[in-house]
Amino acid sequence: QDADIVLTNKALVSREAIENARQLKFIAVMATGYNSVDIIAAKEKGIPVSNVPAYSTPSVAQLAITFILTLANHIPAYTQSVQNGDWPRSPDYSYTLAPLMELQDKTLGIIGFGQIGQAVARIALAFGMKVIASHKHPERDRMEGVTFTSQDEVFEQADFISLHCPLNDQNREFLNSALIRKMKPSAFLINTSRGGLINENDLADALNNHVIAGAGLDVLSTEPPVANNPLLSAKNCLITPHIAWASKEARMRLMEMLNENIASFINGNPHNVVN
């Protein structure tokens, strides 16, 4: 209530909190996403809100590609099988549980082509994948080897779809049953962005009924999730606890850039202002 500067990550800074903070002059979000702050209420009171863009780009891209590799090679199933003793019991030197997929010449579809989407695209191109993307500013973010197309065509054509867009009121739960059914039955969905982009009941139904082949998710709509979240028990659904940002290197960059945001505000020239 008496703070001049508020730092927040996941804790919500609501309109009520902003209006009751008598001396508040600056809000610094310790993350890239800033939907935890009512930026409109802050703007009405003349309070700048800053975020920390791009600090975790390499780490998030790395996890998105890790999900793709893990799903293509069925790593959890094979690891569990070996731990269960299936390999020593096998009559041959190797055995298969599910068809393995080579990434070369497969199509990766990227929804949102900001810095993280671009980083994922560069890695995918190195694997020999075809990359298509749906993006608001294709003219600004051209990349050799990447074809921009409509969102529907991305979902129809891609073997893997990776979400890299911010969450807002316009795209909340945009990924629903209608869009999922445009995907190939052999396709996989990756989300290292925001859980609220997906209608979780629709995705769970699609996975359990083999509408698509699988999913890799680092984010859910509520975190930690409620115990009855349908994705926790969905078929071929890999879930990690929102760790894509959390490498030591990324956290060091976060602290350095946060310090710069605070210093720039104090010096009268705030950086990375989102409102």
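**Salt bridges and their surroundings**

Modeller: The count comes to eight salt bridges, each a side-chain nitrogen of Lys or Arg within 4 Å of a carboxyl oxygen of Asp or Glu. The model is predicted, so local features need pLDDT of at least 70 and side-chain atom pairs pLDDT 80 or more, while totals for chains, interfaces and linings use all residues. Residues are numbered from 1 along each chain as its sequence is written, and side-chain values use heavy atoms, leaving out hydrogens and water.

Start with Arg22 and Asp2. Their closest N and O atoms are 2.7 Å apart. The two sit 20 residues apart: Arg22 in the loop between α1 (15-20) and β2, Asp2 in the segment before β1. Helices here are DSSP runs of H or I with at least four residues, strands are runs of E with at least two, and both are numbered from the N terminus. Arg22 is exposed at 60% relative accessibility; Asp2 is partly exposed at 47%. Buried means under 20% relative accessible area, exposed over 50%, and partly exposed lies in between, with a 1.4 Å probe and protein chains only.

Next, Glu44 and Arg15 meet in a salt bridge of 2.8 Å, N to O. This pair ties helix α2 (residues 39-44), which holds Glu44, to helix α1, which holds Arg15, across 29 residues. Glu44 is exposed at 56%, and Arg15 is partly exposed at 30%.

A local case is Arg89 with Asp86, at 2.7 Å from N to O. Both lie in helix α5 (residues 86-89), three residues apart, or about one turn of the helix. Arg89 is exposed at 58%; Asp86 is partly exposed at 28%. Shared partners also build a network: salt bridges join Arg15, Glu19, Asp38 and Glu44 into one.

Now the sheets. Three strands form an open parallel sheet in the order β1-β2-β3; two strands pair if DSSP finds at least two bridges between them. β1 (5-8) and β3 (49-50) are the edges, each with a single partner strand, so one side of each has no neighbour in the sheet. Four bridges join β1 to the parallel strand β2 (residues 26-29). Contact means heavy atoms within 4.5 Å. Axes are lines fitted to C-alpha atoms, for helices over the stretch in contact, and angles run from 0 to 180 degrees between N-to-C directions.

Rings come next. The structure holds three aromatic pairs. Rings of Phe, Tyr and Trp (its six-membered ring) pair if their centres lie within 6.5 Å; planes under 30 degrees apart count as stacked, over 60 as edge-to-face and the rest as tilted. Phe26 and Phe265 are stacked, 4.4 Å centre to centre with 10° between the planes. They link strand β2 to helix α10 across 239 residues. Phe26 is buried at 0%, and Phe265 counts as buried at 19%. Phe160 and Phe188 are stacked too, with centres 5.2 Å apart and planes at 15°. Phe160 lies in strand β7 (residues 160-163) and Phe188 in strand β8 (residues 188-191), 28 residues apart. Phe160 is buried at 0%; Phe188 is buried at 5%.

Seven strands form an open parallel sheet in the order β6-β5-β4-β7-β8-β9-β10. Its edge strands, β6 (146-148) and β10 (237-239), each pair on one side only. The twist averages 20° from one strand to the next. Four bridges join β8 to β9, and Phe188 has Gly214 in β9 as its bridge partner. Helix α3 (residues 57-73) packs on this sheet, touching β4 (107-111), β7, β8, β9 and β10, at about 155° to the direction of β8.

The largest nonpolar core has 30 residues, and Leu163, Leu175, Leu189, Leu203 and Leu231 have the most contacts inside it. Such a core is a set of buried Ala, Val, Leu, Ile, Met, Phe, Trp, Tyr and Cys residues joined through side-chain atoms within 4.5 Å. The largest share, four residues, comes from α9. Leu175 touches Phe155, Leu163, Ile180, Leu189, Leu197, Ile198 and Asn199, not counting residues up to four places away in sequence. Another core, of 27 residues, lies apart from this one, and Leu103, Ala124, Ile190 and Leu238 are among its members.
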